[in-house]
Amino acid sequence: MGLSVIWYLKEFCRGKWIKTLLFAKTAPLVDPPYFRGYPALTGKECTRCLSCMMICPTPGAIEVLREGEKWVPKIYPGHCIRCGLCVEACPEDVLDAGRVLETQHRDGTSISVRYQVTVNPDTCVRCGNCVVACPVNKEVDPQLGASGTSANDEVIMRIERGNLWVLHNEKCTGCKTCETVCPTDAIKIARVAEGRQGVEE
């Protein structure tokens, strides 16, 4: 036993081993081309289109806040999964992560995000709760009827001729207030992301 320990100590203490151990060289850490990292501000002005929040797959990872006279996206690293979708969806190049913007500009690609309002006519009871609760509808038509009727053609949806009609899907912000107040779960909001290539700048 004693001889074995002495042999191992002699082998370990050889100059070549000690030199290798103390002065070993490792390859430098280089981010791969697909690495994205946490989104960072580029300094360009945010228009608060909310595309970044719409496409983000992680609740609470990004929020657009007002700072003085400007809107600024705020990233929460504890929630962010570094997918880079917010960077790809931003039409103003306000955010960047890794080489996302560089790749987008090189390949001429982009992502557009929107929300789709879908109503199940079999379960909808035409109560108008969704129409009245919608914050966009309230802003567009302050005179919105208590039963969901409206004379304004710019509302997202309204009750007309005994049915619920969706007029402007493109105005939906995805807040899902309508889903919350629907007594029969007849209305659903789905996020739709569409990739594009060859888009002119």
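Between domain 1 and domain 2 there are zero salt bridges, a salt bridge being a side-chain nitrogen of Lys or Arg within 4 Å of a carboxyl oxygen of Asp or Glu. The model is predicted: local features need pLDDT of at least 70, side-chain atom pairs count only at pLDDT 80 or more, and totals for chains, interfaces and linings use all residues. Residues are numbered from 1 along each chain as its sequence is written, and side-chain values use heavy atoms, with hydrogens and water left out.

The domain assignment, an automatic or database one, places domain 1 at 40-107 and domain 2 at 114-197. Their C-alpha centres are 27 Å apart. Six residues from domain 1 and six residues from domain 2 make the contact (heavy atoms within 4.5 Å).

About 430 Å² is buried between domain 1 and domain 2, and carbon and sulfur atoms give 57% of this area; buried area is the accessible area (1.4 Å probe) that two parts lose on being put together, summed over both. On the side of domain 1, Met 54, Ile 55 and Asp 107 supply 82% of the area buried against domain 2, more than any other three residues. Helix H3 (residues 51-55) gives the most to this side, with three residues; helices are DSSP runs (H or I, at least four residues), numbered from the N terminus.

The cysteines form zero disulfides, a disulfide being a pair of cysteine sulfur atoms within 2.5 Å. For Cys 52, the nearest cysteine sulfur is that of Cys 46, 6.3 Å away. Cys 52 is buried, with a relative accessible area of 8%, where buried means under 20% (1.4 Å probe, protein chains only).

Conventions:
Buried means under 20% relative accessible area, exposed over 50%, partly exposed in between (1.4 Å probe, protein chains only). Helices (H or I, at least four residues) and strands (E, at least two) are DSSP runs, numbered from the N terminus.
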